[in-house]
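I opened my notebook to look into pockets and aromatic contacts. Here is what I looked up, entry by entry.

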Amino acid sequence: MLRGAKSELSSSMTCACESVHKFPCQFPEETEFFRITPEDSREWCRFHLPLQDKNGNESIKVLWRAGGVKCRPFWEEVENRLREASKYSSNPNSRADLRGVTFPPYFKFTGIADVIDADFERATFSDNVCFEYTAFADFVRFSGATFGDGANFHRATFREYSSFWEVTFGNNANFLCAEFGKETLFNGAKFGNNSVFDCAKFADGGGFSRTTFGFIARFRGATFGDRVSFHGATFSELAQFDSAVFGKVGHFDGASFGDDASFAKVTFHGKACFPANEAWSSNIGFPHMDFSGATFNGSCSFVNRDFVSGANFNS
């Protein structure tokens with residue numbers, strides 16, 4: 001039940017950001033503050049206002065819709081910060097500081113291009129946030145952020161460094177045909193069901209160490225650069241890497257697989273590493289593994305692995 005209420009305007013109020021996120025609110029010009037419920041002692045600027053409290057009481061932000069009157073000041077400030085941090089800006093050295101910001105439902109970032117430095121650390125994105133076709137030129141950080149269901153990064157471009165370190169995704173995270181540059185880190189991230197990286201391109205490989213995937217993780221037709229690491233990753237049910245292409249090294253050491261894993265028609269141009277690591281993987285056996293039509297151009301290791309449900313290596 002919606003119980004949010006706007007507090008009285010007061011220049012003496014301060015955002016609760018620092019007490020919660022441990023850094024000062026980066027929107028000091030804000031004079032309008034909000035409470036999640038009338039009884040709440042904490043007040044928030046419109047950017048850090050959560051969608052709900054720990055008891056499930058919703059704030060008025062759940063009613064803000066992209067393009068709506070209530071959302072307009074929010075969107076304009078976010079857009080200005082991203083544009084100021086783009087390579088087309090008069091001050092291209094600026095950083096879009098959006099740490100800890102909570103974005104309302106169906107928020108869209110489409111049309112944002114060549115942002116040089118964007119920081120979404122510990123931000124919260126509600127359901128169906130859209131980064132489709134968005135381009136980041138140099139640095140973008142989502143470390144510790146939380147996404148609801150339906151996060152859409154379809155054909156997004158990350159030309160240099162991107163960090164999704166320990167990010168939590170809901171169901172249906174979509175990175176279809178996304179392109180990643182020099183360094184991409186999803187280490188420690190958690191995905192809900194049906195995460196899609198089909199046809200994604202990782203120029204320098206990528207890091208998925210200790211990443212957890214829910215039911216169905218799809219990397220069909222994905223291309224990985226020199227090195228990619230799924231070191232200690234967990235694939236809860238179905239993992240699909242059909243027709244993926246790996247560069248010099250594909251690391252799956254210590255990774256655990258659920259009921260089924262498919263690497264049909266995959267190509268390993270260098271080393272393919274699948275050894276067990278008991279310290280990181282409780283499941284040192286393999287479920288049914290399909291390597292039919294796979295190409296191994298370098299060494300391949302399955303040390304300490306048991307194919308407990310059979311395997312298909314037919315050409």
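Predicted model: local features only at pLDDT ≥ 70, side-chain atom pairs only at ≥ 80, totals over all residues.

**Entry 1, the pocket.** I began with the largest pocket, which holds about 580 Å³ of space. I counted 27 residues in its lining, and Pro-50, Leu-51, Gln-52, Asp-53 and Lys-54 lie nearest the centre. Sorted by class, the lining of the largest pocket has 12 polar, 9 nonpolar and 6 charged residues.

My search of the whole structure for aromatic pairs returned 91. I picked out Phe-230 and Phe-252, which are stacked, with 4.9 Å centre to centre and 5 degrees between the planes. Phe-230 belongs to the loop between β20 (227–229) and β21 (234–235), and Phe-252 to the loop between β24 (249–251) and β25 (256–257), so this pair ties together parts 22 residues apart in sequence. Buried or exposed, I wondered about Phe-230 and Phe-252? Both Phe-230 and Phe-252 are buried.

I then turned to Phe-274 and Phe-291, an edge-to-face pair at 5.7 Å centre to centre, with 90 degrees between the planes. Phe-274 is in the loop between β28 (271–273) and β29 (285–286), while Phe-291 is in the loop between β30 (288–290) and β31 (295–296), 17 residues apart. Buried means under 20% relative accessible area. Phe-274 therefore counts as buried at 0% relative accessibility, and Phe-291 does at 1%.

Last, I noted that the charged end of Arg-99 sits over the ring of Phe-23, 4.1 Å from the ring's centre.

Technical notes. Residues numbered from 1 in each chain as written. Heavy atoms only, no water. 1 Å grid on protein atoms, 1.4 Å probe; cavity = no way out; pocket = protein on both sides within 12 Å on 5 of 7 lines; lining within 4 Å. Points joined across faces, edges and corners; volume = space filled by probe spheres on them. Nonpolar A, V, L, I, M, F, W, Y, C, P; charged D, E, K, R; others polar. Phe/Tyr/Trp six-rings, centres within 6.5 Å; stacked < 30°, edge-to-face > 60°. Helix = DSSP H or I, 4+ residues; strand = E, 2+ residues; numbered from the N terminus. Buried < 20%, exposed > 50% of the residue type's maximum accessible area, 1.4 Å probe, protein only. Lys NZ or Arg CZ within 6 Å of the ring centre and 35° of its normal.
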